[in-house]
Amino acid sequence: MSDTTASASKPFDWSSPEALAKRKRRYAADRRLKMYGLASILIAIGLLGVLIASLIATGHSAFVQTKIAVEFTADPENVPADDPGDGNFRAVVSNAVQQLFPQIEDPAALRTASGILSDGAVNVVRNHVAAHPELVGQSFVLEVPASDPYDQLYKGVIDRDLPEDRRRVSNEEIALFQSLEERGLVSAPFNWALFVNADSRFPELAGLAGAIVGSFYALLVCFLISFPVGIAAAIYLEEFAPKNRWTDLVEVNINNLAAVPSIVFGLLGLAVFIQVFGLPRSAPIVGGLVLSLMTLPTMIIVTRAALKSIPPSIREAALGIGASKHEVILHHVLPLALPGILTGTIIGLAQALGETAPLLLIGMNAFLTSPPGGIMEPATALPTQIFIWADSPERGFVSRTSAAILVLLGFLIFMNAVAIYLRQRFERRW
């Protein structure tokens with residue numbers, strides 16, 4: 001017997017030093033791969049934690065608002081009883097400030113003291129008296145927002161120990177504000193105005209109500225268009241369309257559209273929906289149409305994947321008992337695929353909620369002081385509202401920008417949580 005035949009028939013010795021060294025290298029490579037994956041996850045979580053922490057550190061102060069308890073008198077000379085909303089409320093506020101600081105007699109100093117209250121305090125008092133006409137001729141205590149510099153001062157954003165030339169408020173103004181603090185008239189309750197007020201040029205009065213309503217209308221239009229159209233297109237392509245080069249071309253284009261930058265859809269909406277069809281600029285219907293174009297390819301892909309996940313035996317069993325093609329799809333396949341379709345739909349809507357570029361192109365960044373009343377009225381959205389506040393020069397909008405980002409992230413997390421719940425609740429394993 002030759003040496004070659006002998007070596008070929010000889011079994012490999014797994015306990016040899018060579019085999020042990022190879023096994024050791026394989027195990028080491030497995031450990032390194034596991035460590036690389038774990039390190040990547042930890043880095044991603046760490047970066048996300050840094051982002052969230054920075055947003056909370058910057059935006060937590062926007063969730064409280066400095067307010068001052070002021071006693072107002074709705075003097076009939078300034079507020080007519082027959083039409084309380086048409087009174088001279090600037091005089092009412094000026095008289096209240098004079099009562100707060102009776103020691104001030106100089107008109108210039110009184111104007112400086114009036115600057116402690118927000119410029120929107122006049123509207124706050126007017127709305128309160130208009131809602132309660134019985135207050136005409138009486139005195140009442142109302143908490144009104146402090147102006148932005150004093151709001152920042154009370155929250156500690158402005159350091160009182162800095163030199164006077166490096167602060168937005170002078171020593172005299174700080175002394176006036178401290179006198180209010182010593183009397184217990186200053187408080188910082190939760191800032192509900194951030195959610196119930198619309199936008200304002202005064203940071204202490206600005207809120208997200210208009211943006212939230214505008215985003216709701218835009219997503220509603222997006223859902224009503226993309227959901228039925230996406231499901232119908234996916235059913236046709238998956239169940240009825242013949243397999244030829246034309247359907248292959250359609251599928252390739254759908255996959256390509258899912259990767260197109262969102263700003264391209266904004267340009268398409270600007271050119272088609274606004275310039276050709278003449279739809280109103282800044283309206284949620286245009287924003288919803290643009291977002292539906294953007295999410296439609298994703299909706300089709302997700303729906304087709306959900307339909308493919310249904311075992312062929314379901315279709316064969318239904319056909320075997322005499323069901324027609326459309327009965328098989330509508331009564332058996334589609335209900336079983338619906339959990340996956342809903343999950344993909346919610347994730348697609350969450351992605352649409354965070355889009356900014358297409359909404360900016362169609363003008364959904366208008367300055368509006370009241371929420372839109374319908375899909376045809378001018379509106380803004382959460383991402384564009386964040387863009388507007390980030391571009392504002394007032395320092396008070398810095399914290400409100402971070403707070404708005406946290407609110408947007410909250411909506412996104414909620415929508416993704418609903419998607420995960422639906423997937424786990426209705427998912428079937430075959």
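1. A nonpolar core is a set of buried Ala, Val, Leu, Ile, Met, Phe, Trp, Tyr and Cys residues joined through side-chain atoms within 4.5 Å. In this structure, which is a predicted model, the largest such core has 45 residues, and those with the most contacts inside it are Leu208, Val286, Leu291, Ile362 and Trp389. Two or more residues each are given to this core by helices H9 (209-240), H11 (262-274), H12 (284-308), H14 (325-353), H16 (382-390) and H17 (396-426), and the largest share, 10 residues, comes from H17.

2. Helices H14 and H17 pack with their axes 8 Å apart and at an angle of about 175°; because angles over 145 degrees count as roughly antiparallel, H14 and H17 are described as roughly antiparallel to each other. Among the residues that make the contact are Leu342, Ile346 and Leu353 of H14, together with Phe411, Met415 and Phe426 of H17. The residues of this contact divide into 15 nonpolar, 2 polar and 1 charged.

3. Serine 399 is also found in helix H17, and since buried means under 20% relative accessible area, serine 399 with its 7% is buried. The side chain of serine 399 reaches the backbone oxygen of glycine 396 at 3.2 Å, while, not counting residues up to four places away in sequence, serine 399 touches Thr58, Gly59, Ser61 and Ala62.

Notes
Residues numbered from 1 in each chain as written. Predicted model: local features only at pLDDT ≥ 70, side-chain atom pairs only at ≥ 80, totals over all residues. Heavy atoms only, no water. Buried < 20%, exposed > 50% of the residue type's maximum accessible area, 1.4 Å probe, protein only. Helix = DSSP H or I, 4+ residues; strand = E, 2+ residues; numbered from the N terminus. Axes fitted to C-alpha atoms, helices over the stretch in contact; angles between N-to-C directions. Parallel < 35°, antiparallel > 145°, perpendicular 65-115°, else oblique. Contact = heavy atoms within 4.5 Å. Nonpolar A, V, L, I, M, F, W, Y, C, P; charged D, E, K, R; others polar. Polar contact = N/O pair within 3.5 Å; in protein donor to acceptor, adjacent residues only side chain to side chain.
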